[in-house]
Amino acid sequence: MASSTAPRGITPSQTVGPFFAMPGGIVWEDGPELVPEGTPGAFVLHGQLLDGNGDPVPDGLLEIWQADSQGRFDHPDDPRPEKSGWQGFGRCPTDPEGKFWFRTVKPGPLPTPDGGQEAPHINVTVLARGMLDRVVTRIYFPDEEANDTDPVLSAVDPERRRTLVAEGSERGYRFDIRLQGDGETVFFAV
């Protein structure tokens, strides 16, 4: 049988989405609930995912991972002998208005290899249509003294640090993510 040598059309670039927005896409059993409602110290972290024009991204997906309230991960790379049992992971698709939310607790500070500390923060991955790779950022908390000496936050241009700090809200904390343009959230190469 002869093979076809007819020219084929160019295929679109591979992107990281929006396959996860379809029913049965990337699911996570606990979704955005890292802790049950009523857990001591629990709060809702909420916000909106925005594109370069400031328009909502209705088919995005956010993942967060964080330490427990004592700054511990239940992970083999955490050198401390006590394990927390804390999963510290959540996943939430954005709604038609680009909104997302997670129920969690404030993480404790993390030790650095040189004996210092990182300020309490939450790590965030963003996946969305048109993106060839995920982007990663951090959420820091306002009025946290350790923010001044955090090695990662200190490495960010002072004019852009505000894009990494949540605001207090009636529900807990609000953190909007802008993918590009004016007020773009700082993203890290990982």
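Tutor: Let us start with the word contact, which means that heavy atoms lie within 4.5 Å of each other. Among contacts in the protein between residues at least 6 apart in sequence, 68% join residues at least 24 apart. This is a predicted model, in which local features need pLDDT of at least 70 and side-chain atom pairs count only at pLDDT 80 or more, while totals for chains, interfaces and linings use all residues. Residues are numbered from 1 along each chain as its sequence is written, and side-chain values use heavy atoms, with hydrogens and water left out.

The mean pLDDT (the predictor's confidence in each residue, from 0 to 100) is 86 for the protein, and 83% of its residues reach 70 or more. The protein has 1 helix and 11 strands, where helices (H or I, at least four residues) and strands (E, at least two) are DSSP runs numbered from the N terminus. Along the sequence they follow the pattern β-β-β-β-β-β-β-β-α-β-β-β.

Of the 190 residues of the protein, 43% count as buried, a word for under 20% relative accessible area, with exposed for over 50% and partly exposed in between (1.4 Å probe, protein chains only). Such residues can form a nonpolar core, which is a set of buried Ala, Val, Leu, Ile, Met, Phe, Trp, Tyr and Cys residues joined through side-chain atoms within 4.5 Å. The largest nonpolar core here has 26 residues, and those with the most contacts inside it are Leu62, Val126, Ile177 and Leu179. Two or more residues of this core come from each of strand 1, strand 2 (61-65), strand 4 (99-105), strand 7 (121-127) and strand 8 (135-140). If we leave aside neighbours within four places in sequence, the contacts of Ile177 include Leu50, Leu62, Phe100, Val126 and Phe187. Apart from this core lies another one, of 7 residues, among them Ala119, Tyr140, Leu164 and Val186.

Next come the aromatic rings: those of Phe, Tyr and Trp (its six-membered ring) pair if their centres lie within 6.5 Å, and planes under 30 degrees apart count as stacked, over 60 as edge-to-face and the rest as tilted. By this rule there are 4 aromatic pairs. In one of them Phe43 and Tyr173 stand edge-to-face, with 5.0 Å from centre to centre and 80° between the planes. Phe43 lies in strand 1 (residues 42-50) and Tyr173 in strand 10 (residues 172-174), so this pair ties together parts that are 130 residues apart in sequence. Phe43 is buried at a relative accessible area of 9%, and Tyr173, at 18%, counts as buried too. Phe100 and Phe102 form a tilted pair, 6.3 Å centre to centre with 55° between the planes, and both of these residues are buried. Ring pairs also link Phe43, Phe141 and Tyr173 into a cluster.

Finally, look at Leu34, which lies in the segment before strand 1 and counts as buried at 14% relative accessibility. Leaving aside neighbours within four places in sequence, its contacts include Ile64, Trp86, Phe89, Gly90 and Phe102. Leu34 and Gly90 are 56 residues apart along the chain, yet their C-alpha atoms are separated by 5.8 Å.
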